[in-house]
Each structure stands twice: as structure tokens, then as C-alpha cells.
Amino acid sequence: CLALGFLTRPAALSLLGTMMGAVYFHLSAVGLQGFPLGHVESYSYDFEEPMLYALIFLMFWFNGAGPLSVDSVIYGAISEEESEEQDD
């Protein structure tokens with residue numbers, strides 16, 4: 001869905017919820033691991049990757065798919081129909 005730009009905002013919102021659940025799971029299991037200056041064995045905090053993905057999905061949720069997407073074509077057709085109905 002995200003690659004084609006079809007239903008981008010609902011897909012991004014559901015994936016954001018999933019990643020926030022993963023962040024919560026990691027934080028409840030091992031805590032902050034000394035964040036931000038702690039030394040961890042795997043050289044990355046357990047919650048770092050899901051938090052990165054959550055921020056990316058948050059960006060897609062706010063910005064939408066962009067002008068070259070299926071959503072843009074659909075919303076453009078809907079807005080044209082609405083403007084024609086208002087003109088009549």
C-alpha cells in the first residue's frame with residue numbers, strides 16, 4: 001500500500017500503532033538500557049529500530065502519499081466531482 005500510494009494514511013496509521021507497540025514491548029522488557037549514553041552489547045538499543053520506523057510512518061501519516069500516487073488520482077477525481085456539483 002505505501003509503495004503504490006494507495007490508502008497511505010490509514011496504512012501508515014496502522015503500522016505506526018504496530019511500531020509503537022513494539023517500542024513499548026522493548027521498553028517494558030529491558031528498560032531504557034542506559035539511553036542515551038549507555039553501552040549496550042549489540043551496539044544499538046532494542047527500541048531504536050522500531051522507534052525509527054514509527055517516526056517514518058508518522059511522517060507518512062502527516063504528509064500522505066504525494067502527487068504521484070494512487071491516492072492523489074482518487075482525491076483529484078473526487079474533488080473535481082464535488083466542484084462540478086457545487087457549480088450546478
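Predicted model: local features only at pLDDT ≥ 70, side-chain atom pairs only at ≥ 80, totals over all residues.
The protein contains 3 helices and 0 strands, and its elements follow one another along the sequence in the pattern α-α-α. Of its 88 residues, 18% count as buried, and the protein exposes about 6600 Å², of which carbon and sulfur atoms supply 65%. When contacts between residues at least 6 apart in sequence are considered, 61% of them join residues at least 24 apart.

Two packed helices are described by the angle between their axes and the distance between the axes. In this model, helix α1, spanning residues 8–30, and helix α2, spanning residues 48–63, have axes that come within 8 Å and cross at roughly 155 degrees. Because angles over 145 degrees count as roughly antiparallel, α1 is described as roughly antiparallel to α2. The crossing in which α1 passes α2 is left-handed. On the side of α1, the contact is formed by T8, R9, A12, L13, L15, L16, M19, M20, A22, V23 and H26, and these residues meet P50, M51, Y53, A54, F57, L58, F60, W61, F62 and N63 on the side of α2. By class, the contact of α1 with α2 comprises 17 nonpolar, 3 polar and 1 charged residues.

The connection between these two helices was examined next. G31 is situated in the loop between α1 and α2 and is partly exposed, its relative accessible area being 23%. Although G31 and F47 are 16 residues apart along the chain, their C-alpha atoms are separated by 9.2 Å.

The segment before α1 includes both F6 and L7. With a relative accessibility of 36%, F6 counts as partly exposed, and its C-alpha atom lies 9.8 Å from that of G64, a residue 58 positions away in sequence. L7 is likewise placed in the partly exposed class, with a relative accessible area of 42%. The phi of L7, by contrast, is near 55 degrees, a positive value in a residue other than glycine.

A further pairing across the sequence involves the loop between α2 and α3, the latter helix covering residues 70–87. P67 has its place in this loop and is exposed, with a relative accessible area of 72%; the cut-off for this class is a value over 50%. The C-alpha atom of P67 is separated by 9.3 Å from that of G5, and the two residues are 62 residues apart along the chain.

Taken together, the model shows α1 and α2 in a roughly antiparallel arrangement, with a contact in which 17 residues are nonpolar.

Conventions. Residues numbered from 1 in each chain as written. Heavy atoms only, no water. Axes fitted to C-alpha atoms, helices over the stretch in contact; angles between N-to-C directions. Helix = DSSP H or I, 4+ residues; strand = E, 2+ residues; numbered from the N terminus. Parallel < 35°, antiparallel > 145°, perpendicular 65-115°, else oblique. Left-handed = near helix turned anticlockwise from the far one by under 90°. Contact = heavy atoms within 4.5 Å. Nonpolar A, V, L, I, M, F, W, Y, C, P; charged D, E, K, R; others polar. Buried < 20%, exposed > 50% of the residue type's maximum accessible area, 1.4 Å probe, protein only. Areas by Shrake-Rupley, 256 points an atom, 1.4 Å probe, with all protein chains shown as cover.
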